[in-house]
Amino acid sequence: MTESSASFELLPGDDHSPVLLHVPHSARAIPGDVREGIVLDDAGLERELDHITDAHTAEIAERAAALAGLRPWRFVNRLSRLVVDPERFPDEREEMLAVGMGAVYTRTTHRAELRAADTDPGPLVERYFRPYARAMTEAVAGRLAATGRAVVIDVHSYPTRALPYELHGSGPRPPVCLGTDSFHTPPNLREAARTAFSGSGGTGLDSPFGGTYVPLEYYGRDPRVSALMVEIRRDTYMAEPGGPAGPGLERLAAALAALVTAV
């Protein structure tokens with residue numbers, strides 16, 4: 001049975017699968033009352049959504065789930081990251097606060113104003129961020145209870161050319177960037193990903209984006225929870241920015257399915 005709210009959805013996989021495909025940035029939907037707090041006009045907002053959305057990543061995960069040897073579970077954000085970004089720290093630990101992109105963004109990808117600088121993030125954090133975090137924690141707990149381990153694979157994409165908001169945009173931009181964590185990304189998971197995506201043009205580690213997502217209840221504490229971020233360069237599967245998917249989507253979905261099957 002599908003578990004969902006207005007803002008996210010847990011799509012069940014095989015009871016014996018430890019894998020949870022996490023898709024946090026694929027949606028463009030913004031509730032009307034949240035839209036009122038964004039200062040961009042409609043055309044400007046659509047342009048920003050083109051740049052900030054990890055377009056078609058939900059489709060990549062859906063296709064990979066269908067192809068995998070054992071269907072993984074999927075946790076999909078159904079709202080734009082311009083509502084809240086569920087992968088940010090909701091406090092001063094978040095380095096992206098330096099460019100106005102904490103859990104609630106106040107600046108755009110091009111560092112223009114998105115919301116008033118004095119916007120209180122608290123209401124949006126309570127309404128959207130915390131329920132999402134609780135649900136992801138429960139989803140991971142479900143895999144641990146069922147299989148004794150959980151493997152969170154974050155499915156993202158990133159632009160071919162660095163955008164002004166990127167703090168580490170000067171490094172390599174491989175076709176597939178693998179984001180890792182020293183505690184939660186064991187070598188066998190990293191190497192399985194390298195092998196699975198070997199036919200996708202090459203992989204790199206932690207550039208331009210590093211790290212991976214683990215619910216805070218488990219982060220740095222529970223080695224049964226492993227995690228990897230898969231960042232796919234957008235020119236490998238779609239027209240940038242915000243355009244349609246191309247034939248590369250199926251190839252990448254098959255590679256992601258191979259990773260899911262391997263772990």
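Visitor: What makes the span of helix H4 close to the one expected?
Guide: In this predicted model, H4 runs over residues 122–147 and has 26 residues. At 1.5 Å a residue you'd expect 38 Å, and its first and last C-alphas are 36 Å apart, so the two values sit close together.

Visitor: Where does H4 bend, and how do you know?
Guide: At Phe 129, by about 35°. That value is the angle between axes fitted to the seven residues ending there and the seven starting there. A proline, Pro 131, follows within four residues.

Visitor: What comes just after H4?
Guide: Gly 148, with a positive phi of about 85°.

Visitor: Which residues touch the most other members of the largest nonpolar core?
Guide: Leu 21, Ile 153, Phe 197, Val 230, Leu 256 and Leu 259, out of 35 residues. H6 gives the most to this core, with eight residues.

Visitor: What is Leu 256 in contact with, leaving aside its neighbours within four places in sequence?
Guide: Leu 21, Ile 60, Ala 61, Ala 64, Ile 153, Val 155 and Phe 197. Contact means heavy atoms within 4.5 Å, so Leu 256 has a heavy atom within that distance of each of these residues.

Methods: Residues numbered from 1 in each chain as written. Predicted model: local features only at pLDDT ≥ 70, side-chain atom pairs only at ≥ 80, totals over all residues. Heavy atoms only, no water. Helix = DSSP H or I, 4+ residues; strand = E, 2+ residues; numbered from the N terminus. Core = buried A, V, L, I, M, F, W, Y, C linked by side-chain atoms within 4.5 Å. Buried < 20%, exposed > 50% of the residue type's maximum accessible area, 1.4 Å probe, protein only.
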